[in-house]
Amino acid sequence: MRIELATAPGTPERPNEDWASVALPGSGQGGTLVVLDGVTPPAGDYGCVHGVPWFTARLGGALVELSGSRRNMTLAEVLSEAIRRTADAHRDTCDLSHVRTPQATVVMARWGGRAEPVEHLVLSDSTLLLESPDGEVRAVLDDRIDQLPRESLRTHASADALRNTEGGFFTAAADPGVAVRAVTGSTPRGEVRAVAALTDGAARWVEMFAEGSWAECLGLLRKEGPQGLIDRVRALENSAQERGSVIRWKLHDDAAAVFAEL
């Protein structure tokens, strides 16, 4: 089994709000991976005394612990319980009802022995890739935010009106009930050779710069590793800036990627 991960902040001046981790059982069979992309709030009060990195570390730590040790729980149940634990950790100090309370996108994958399936969960706009033994790559996406009219996300207020609400998009924040909104599924272990998880900062290689397909992206991860992918994205961002091209949202985004060859 080969596992590699990397994460990098968008700029050195700001803390990295992405979070990534992998856990392997002592038996040597199976594993679990978790990748989170913290949602950067606009300047101003958002009801919480903690920063987004605090939230992603608490939520990510709970997700790894529960998904690795509680195999009787589905990944949706794991996410629900991890959100509840994280909310309880700052319920007495913060306004968790605030629409911009710390939140994150979530990608999870879990696998066991050869007879057990590879489970997955995706919530919001990060990406999970599943590669079959013949090299075919399937991208598991929660594309609800991409289905919304672009003008509906043009301002913070308009985006807030669609955040964690029916007809909008969903992130892991303070409500454990959001776990049922995640995209979940399982694939027989024999049909999965490798898995990869990317925050949207790393997925820019495909989604923003169109440098290749998801299959080519996974091939790049196998050849150059997650740091190689992030380095390529940074080079593309810098080149676009030099040409005067406009990059939507921000020039550099936090980026995280995990590659696991099972």
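Colleague: How many helices and strands does the secondary structure of the protein come to?
Modeller: The model discussed here is a predicted one. Its secondary structure comes to 6 helices and 10 strands.

Colleague: What share of the residues of the protein count as buried?
Modeller: A residue is called buried when its relative accessible area is under 20%. The accessible surface of the protein comes to about 11,700 Å², and 50% of this belongs to carbon and sulfur atoms. Of the 262 residues, the share that count as buried is 52%.

Colleague: Which residue of β4 is the bridge partner of L33?
Modeller: Strand β3 pairs with β2 (residues 18-23) in the antiparallel sense over 6 bridges, and T32 of β3 is the bridge partner of A23. Strand β3 is also joined to β4 (residues 104-111) by 8 bridges, again in an antiparallel arrangement. In β4, the bridge partner of L33 is A109.

Colleague: Which strands stand at the edges of the open sheet of 5 strands?
Modeller: This sheet has antiparallel pairing and the order β1-β10-β9-β6-β7. Each edge strand has a single partner strand, so one side of each is left without a neighbour in the sheet; the edge strands are β1 (2-8) and β7 (137-141).

Colleague: Which residue of β7 is the bridge partner of L129?
Modeller: Strand β6 (residues 127-131) runs antiparallel to β7, and 5 bridges join them. Within β7, the bridge partner of L129 is A139.

Colleague: What angle does the direction of helix α5 make with that of β10?
Modeller: Helix α5 (residues 200-207) packs on the sheet and touches β6, β9 (194-198) and β10 (255-261). The direction of α5 makes with that of β10 an angle of about 80 degrees.

Colleague: Which elements do the buried residues of α5 pack against?
Modeller: Helix α5 is mostly covered, as 6 of its 8 residues are buried. The buried residues of α5 are G201, A202, A203, R204, W205 and V206. They pack against β6, β9, α6 (214-243) and β10.

Colleague: How many disulfides does the count come to?
Modeller: A disulfide requires two cysteine sulfur atoms within 2.5 Å. The count comes to 0 disulfides. For C48, the nearest cysteine sulfur is that of C94, at 3.5 Å, so C48 is in no disulfide under the 2.5 Å cut-off. The number of disulfides is therefore 0 under this cut-off.

Colleague: Is C217 buried or exposed?
Modeller: The cut-off for a buried residue is under 20% relative accessible area. C48, at 11%, is buried. C217 has a relative accessibility of 0%, so C217 counts as buried.

Notes
Residues numbered from 1 in each chain as written. Predicted model: local features only at pLDDT ≥ 70, side-chain atom pairs only at ≥ 80, totals over all residues. Heavy atoms only, no water. Pairing = 2+ DSSP bridges. Helix = DSSP H or I, 4+ residues; strand = E, 2+ residues; numbered from the N terminus. Contact = heavy atoms within 4.5 Å. Axes fitted to C-alpha atoms, helices over the stretch in contact; angles between N-to-C directions. Buried < 20%, exposed > 50% of the residue type's maximum accessible area, 1.4 Å probe, protein only. Areas by Shrake-Rupley, 256 points an atom, 1.4 Å probe, with all protein chains shown as cover.
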